[in-house]
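Open the model in a viewer and keep the selection panel at hand. The stops below go from one selection to the next.

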Amino acid sequence: MSRNRVTAGAKSIVCQETELRGEISIGSVLHPQSRIIAENGPIYIGRNNLIEENVIIFNRNSIPLVIGDDNVFEVGCYIEGSRIGNSNVIEARARVLNNTAIGNHCVIGAACSTESNETIPDLTVIYGKESRRRTQKEPLPTQAVLHARHLEYLREVLPKYNHLKKLESS
């Protein structure tokens with residue numbers, strides 16, 4: 001994909017030092033030094049996602065990589081999945097490998113990894129150095145409130161201390 005076409009939603013905050021390549025639609029907050037690379041197919045990022053420093057979201061497939069709403073991608077994680085649902089937490093240095101689909105309310109623990117071509121069901125937690133799996137009974141109700149407050153804070157503070165990209169509105 002040779003042409004860059006990036007659109008952003010009204011509440012999106014995208015720092016100048018963010019690398020954006022290919023066809024990308026954003027409705028989220030992107031910290032400096034994050035990289036979104038749509039090499040062969042587009043990347044559609046939903047609303048109210050938090051994408052921290054040194055996160056790489058990469059699509060080398062011709063089919064779109066679709067990311068839902070209210071997800072957190074912590075520092076240094078690597079995403080190359082096919083679909084990511086809503087309200088997930090991908091912790092620091094975690095890896096979501098080739099064509100993996102993640103449901104809703106999942107947690108991929110720090111430095112943990114999925115398998116290639118895996119489907120992760122809703123409420124799954126991947127944890128520990130061997131990337132073990134367990135299922136939560138229900139999502140943590142306080143997580144949504146904390147996420148909303150964190151986004152509100154970042155939407156206020158990031159523009160004060162960072163230059164922002166001017167992107168086409170979606």
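Start by selecting E19 and R35: their side chains meet in a salt bridge, with 2.8 Å from N to O. This is a predicted model. E19 belongs to strand 3 (residues 19–21) and R35 to strand 5 (residues 35–38), so the pair ties together parts that are 16 residues apart in sequence. Through shared partners, the salt bridges join E19, R21 and R35 into one network. Colour the three by accessibility: E19 is partly exposed at 27%, R21 is partly exposed at 38%, and R35 is partly exposed at 30%.

Next, select R5 and E23, another salt-bridge pair, whose closest N and O atoms are 3.5 Å apart. R5 lies in strand 1 (residues 5–8) and E23 in strand 4 (residues 23–30), so this contact ties together parts that are 18 residues apart in sequence. R5 has a relative accessible area of 38% and is partly exposed; E23, at 23%, is also partly exposed. The structure holds 8 salt bridges.

The largest pocket contains about 330 Å³ of space. Of its 18 lining residues, the closest to the centre are S87, H105, L140, Q143 and A144. Which helix gives the most to the lining of the largest pocket? Select helix 1 (residues 141–161), which gives 6 residues. By class, the lining divides into 10 nonpolar, 7 polar and 1 charged.

Stay on S87 and check the backbone. Most residues other than glycine have a negative phi. The phi of S87, however, is positive, near 60°. S87 sits in the loop between strand 11 (83–84) and strand 12 (89–90), and is partly exposed at 26% relative accessibility. Move on to R93, which is not a glycine either and has a positive phi of about 60°. R93 is found in the loop between strand 12 and strand 13 (95–96). At 58% relative accessibility, R93 is exposed.

Finally, select the cysteines. How many disulfides does the structure hold? The count is 0. C15 is in no disulfide, and the nearest cysteine sulfur, that of C77, is 16 Å away. C15 is buried, with a relative accessible area of 0%. C106 is in no disulfide either; the nearest cysteine sulfur belongs to C112 and is 13 Å away. C106 is buried at 1% relative accessibility.

Note on methods
Residues numbered from 1 in each chain as written. Predicted model: local features only at pLDDT ≥ 70, side-chain atom pairs only at ≥ 80, totals over all residues. Heavy atoms only, no water. Helix = DSSP H or I, 4+ residues; strand = E, 2+ residues; numbered from the N terminus. Buried < 20%, exposed > 50% of the residue type's maximum accessible area, 1.4 Å probe, protein only. 1 Å grid on protein atoms, 1.4 Å probe; cavity = no way out; pocket = protein on both sides within 12 Å on 5 of 7 lines; lining within 4 Å. Points joined across faces, edges and corners; volume = space filled by probe spheres on them. Nonpolar A, V, L, I, M, F, W, Y, C, P; charged D, E, K, R; others polar. Disulfide = S-S within 2.5 Å. Salt bridge = Lys/Arg side-chain N within 4 Å of Asp/Glu carboxyl O.
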